[in-house]
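Hi everyone, thanks for coming along. Let me put the structure up, and then we'll walk through it together.

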Amino acid sequence: MRSLVFRQLFDTAGSSTYTYLLADRPGGDAVLVDPVVEQVDRDLKLVEDLGLKLKYVVNTHCHADHVTGSGLIKRKLPGVRSVIAKDSGAKADVHVAHGDRVEFGDAFLEVRATPGHTEGCLSYVCDNMVFTGDALLVRGCGRTDFQGGSAETLYDSVHAQIFTLPDDTVVYPAHDYKGHRSSTVGEEKRLNPRLSKSKAEFVEIMGNLGLPYPKKIDEALPLNLVCGIQEE
Ligand SMILES: N[C@@H](CCC(=O)N[C@@H](CSS)C(=O)NCC(=O)O)C(=O)O
C-alpha cells in the first residue's frame, strides 16, 4: 500500500483558491496543483519542511482570477517543470492532453479533459481523488461566460469524465466560496444544484448567473498565458 503525501492549501489572500501538494511517499517526488503567486513562499516552505523533491507545477487551466505561481516557482527552483493543457493556449514546459499521465515517483496524475469553464480545462485523477479545477466545485461549477466557456460542453464534460468515477472518489476543487473543502462524486451527482439537473436546465441556470468579472482578470490572463511571472 502506497503512503501518498497529500496537503490541501487555501489562498486566504483573496482568490479562495485551493492548491494541492502531492508526493508519492514521505520524502519522495512531488507535484503542486494550481499554485497561486502570492502563496509561493508558503508552498515551497512546506515542500522543504517535508523534504520533498518538487517535479512539476500542474495547472488545471489558464486561470482568470489570480496569477499562477508556476513561473515564480520555476525561477526559485529551476529544475521544476510547468504543466498545462495543450488546449489552454498557454505556454508551459509540458503540454498534456486527455489520457496522458503526469508521473511523480511511483504515483501519477491521470489527465482527463473537462472543457466548458474554459476550452483547456483538465481534471487530474490520482488514486481515489480527482482534482477538478473549476469544472466541478462543491455544490457548484465554474462559470461559462468567458475564455471559450460553454455550458453545454461543461455539462457533458462533468457527466462523462467526473460523474463516471466511483461514487466514493473525493472531489477536490480549485476554489470554494462557501467554506467547503471537498466532496465526493456520489454527493455531487445527487446534490449539486446545477449539475444534478437536466442539460437544458443547466444551460438555463448558467445563462443567468449574473456574476461580475473577476477583479484581477486583466492582470491574470496575460500572465497565465505565459504560465505566470517569467522575469525578475
Ligand atoms: N469574485 C472573484 C471571482 C469569482 C468567480 O467568478 N469565480 C469563478 C472561478 S475563478 S474564474 C467561477 O467560475 N465561479 C462560479 C460561481 O458560481 O461562483 C474575483 O473577483 O476574483
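Let's begin with Glu219, which sits in helix α6, residues 217-224; helices here are DSSP runs of H or I with at least four residues, strands are runs of E with at least two, and both are numbered from the N terminus. Is Glu219 buried or exposed? Glu219 is exposed, because 12 other C-beta atoms lie within 10 Å. For the cut-offs, buried takes 20 or more other C-beta atoms within 10 Å of a residue's own, exposed takes 12 or fewer, partly exposed is in between, and C-beta atoms are placed from the backbone. Between the C-alpha atoms of Glu219 and His66 there are 8.1 Å, although the two residues are 153 apart along the chain.

A word on what you're looking at. This is a predicted model, in which local features need a pLDDT of at least 70 and side-chain atom pairs count only at pLDDT 80 or more, while totals for chains, interfaces and linings use all residues. Residue numbers start from 1 along each chain as its sequence is written. The chain has a mean pLDDT of 97, and 99% of its residues reach 70 or more; pLDDT is the predictor's confidence in each residue, from 0 to 100. For the complex, the predictor gives an ipTM of 0.99 and a pTM of 0.98.

Now the ligand. Which residues come nearest to it? They are Asp65, Gly142, Arg143, Pro214 and Lys215, out of 13 residues around the ligand, where near means a C-beta atom, placed from the backbone, within 6 Å. The shell has four nonpolar, four polar and five charged residues. Here Ala, Val, Leu, Ile, Met, Phe, Trp, Tyr, Cys and Pro count as nonpolar, Asp, Glu, Lys and Arg as charged, and the others, Gly among them, as polar.

On to the sheets. An open sheet of six strands runs in the order β7-β8-β9-β10-β11-β12, with mixed pairing; strands pair if DSSP finds at least two bridges between them. β7 (101-104) and β12 (183-184) each have a single partner strand, so one side of each is left without a neighbour in the sheet.

Within that sheet, β8 (residues 107-113) and β9 (residues 122-126) run antiparallel and are joined by four bridges, and Arg112 stands opposite Ser123 in β9. β9 is largely enclosed by the rest of the structure, because four of its five residues are buried. On to its pairing with β10: this is antiparallel too, over three bridges, with Val125 and Val130 as bridge partners. The hairpin of β9 and β10 has two residues between the strands, and Asp127 takes a positive phi near 55° there.

Elsewhere, β4 (residues 53-58) and β5 run parallel, joined by three bridges. Val58 has Val83 in β5 as its bridge partner. β5, residues 81-85, is mostly covered, with four of its five residues buried.

Finally, have a look at the loop between β10 (129-133) and α3 (151-162), where Arg139 is placed. Arg139 is not a glycine, yet its phi is positive, about 60°. Gln147 is in the loop between β10 and α3 as well, and has a positive phi of about 55° without being a glycine. Which of the burial classes do they fall in? Arg139 is partly exposed, with 18 other C-beta atoms within 10 Å, whereas Gln147 counts as buried, with 20 C-beta neighbours inside 10 Å.
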